[in-house]
Amino acid sequence: MIEARELAKRFGNKTAVDGITFSVQPGRVTGFLGPNGAGKSTTMRMIVGLDLPTGGSVTVNGKPYARHRAPLHEVGALLEAKAVHPKRTAYNHLRAMAATEGIPTSRVNEVIELTGLGSAARKRVGGFSMGMGQRLGIAAALLGDPQTLILDEPVNGLDPEGVKWVRYLVRGLAAEGRTIFISSHLMSEMAVTADHLIVIGRGRILADAPIDEVIAGSTRESILVRTDDADALTAAVGSAGVEVHRQAEDQLEILGLTTRSIAEAALSRGILITELTPQQVSLEDAYMELTGGEVEYQSQQRAAPYLPAGEGQQS
Ligand SMILES: Nc1ncnc2c1ncn2[C@@H]1O[C@H](COP(=O)(O)OP(=O)(O)OP(=O)(O)O)[C@@H](O)[C@H]1O
């Protein structure tokens, strides 16, 4: 288990992590989400003692990381920008790491197999693709067969097969009762990998709940409505707290009303409805709503919808 109490980190006058308290429980995958610069990597680095907190504390299985006698057995971590000597082979890198804690060579071979590094293991790390580098980082994290695994963006650079492999790996390790803490910007992947989510923005916790609750907590549930008279229906449902977006000539997206109240409003004015479908809220929708005001780096323009050449231009 990982336990953070009032954990804080300042870099000069920049507050990266602003006194956060949370625990990461064994037996499940906990996803760690947040916009760029939210403080995820800094938090993870503090857990394994690579950054020192400027306030509060964090422990792994009851002790600060540095106090564990064989930390590789306790916590395995894949953190960004892992320093690996480019001229070393993957095999030698893992052997050197293993030697620091008396881990046998047989385990080095095991993690090489497990991570699919096989044929690349005897090659120099300097020539590795990003995906192979990630696999090596995961192999290193697994070396000590740790109870707790911390993975910062593990699927970055992996091909679809690799992404799926990470999903099954972490789900399997959690099922064995281990503590898994994993960050990712890939919402669709997080939605099928994590059981629990911790969402941070500007160094503060925005949500700490089972994934289903995070999604259910979104107020963005919308209803797709098709009708022969979109203007009349827009006027019929319009009131405070209701949002209506025209998506096509005969199609509206309505937020803030139930399907029944939309049907009743239409019926009372004799408006024909041809479709009334509640839209499923995705983790991405819930995440966008949670982090909307907490984004440090934001695009200035909304992406323009794709239009074929020549269309949509002002003449
Ligand atoms: N060594 C450092 N010196 C100064 N500022 C830093 C340092 N490391 C991180 N920061 C700042 O702290 C904040 C949090 O950064 P951090 O890398 O933890 O965010 P993150 O959530 O991991 O972001 P990303 O998703 O982009 O990886 C950012 O504003 C970052 O610029």
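Which element gives the largest share of the shell around the ligand? Helix 1 does, with 3 residues. The model described here is predicted. The protein chain holds 11 helices and 13 strands, and buried residues make up 36% of its 315 residues.

**Overall chain**

- The C-alpha trace of the protein chain spans about 80 × 45 × 40 Å along its principal axes.
- Of the contacts in the protein chain between residues at least 6 apart in sequence, 70% join residues at least 24 apart.

**Shell around the ligand**

- The residues around the ligand are F11, K14, A16, G34, N36, G37, A38, G39, K40, S41 and T42.
- Two or more of these residues come from strand 2, which covers 14-24, and two or more from helix 1, which covers 40-47.
- Sorted by class, the shell around the ligand contains 6 polar, 3 nonpolar and 2 charged residues.

**Helix 1**

- Helix 1 is mostly covered, and 8 of its 8 residues are buried.
- The buried residues of this helix are K40, S41, T42, T43, M44, R45, M46 and I47.
- Among them, K40, S41 and T42 also belong to the residues around the ligand.
- After helix 1 comes G49, which has a positive phi, near 75 degrees.

**Helix 3 against helix 4**

- Helix 3 runs over residues 90-99 and helix 4 over residues 105-114.
- The two helices pack at an angle of about 135 degrees, and their axes lie 9 Å apart.
- The crossing in which helix 3 passes helix 4 is right-handed.
- On the side of helix 3, the contact is made by Y91, L94, R95 and A98.
- On the side of helix 4, the residues that meet them are T105, R107, V108, V111 and I112.
- By class, this contact of helix 3 with helix 4 has 6 nonpolar residues, 2 charged residues and 1 polar residue.
- An α-helix has 3.6 residues a turn, so residues three or four places apart point the same way.

**In brief**

- Helix 1 supplies 3 residues to the shell around the ligand, and 8 of the 8 residues in helix 1 are buried.
- Helix 3 and helix 4 pack with their axes 9 Å apart, in a right-handed crossing.

Terms used: Residues are numbered from 1 along each chain as its sequence is written. This is a predicted model: local features need pLDDT of at least 70, side-chain atom pairs count only at pLDDT 80 or more; totals for chains, interfaces and linings use all residues. A residue is near a molecule or strand if its C-beta atom, placed from the backbone, lies within 6 Å of it. Helices (H or I, at least four residues) and strands (E, at least two) are DSSP runs, numbered from the N terminus. Ala, Val, Leu, Ile, Met, Phe, Trp, Tyr, Cys and Pro count as nonpolar, Asp, Glu, Lys and Arg as charged, and the others, Gly among them, as polar. Axes are lines fitted to C-alpha atoms, for helices over the stretch in contact, and angles run from 0 to 180 degrees between N-to-C directions. A crossing is left-handed if the near helix is turned anticlockwise from the far one by less than a right angle, and right-handed if clockwise. Two residues are in contact if their C-beta atoms, placed from the backbone, lie within 7 Å. A residue is buried if 20 or more other C-beta atoms lie within 10 Å of its own, exposed if 12 or fewer, and partly exposed in between; C-beta atoms are placed from the backbone.
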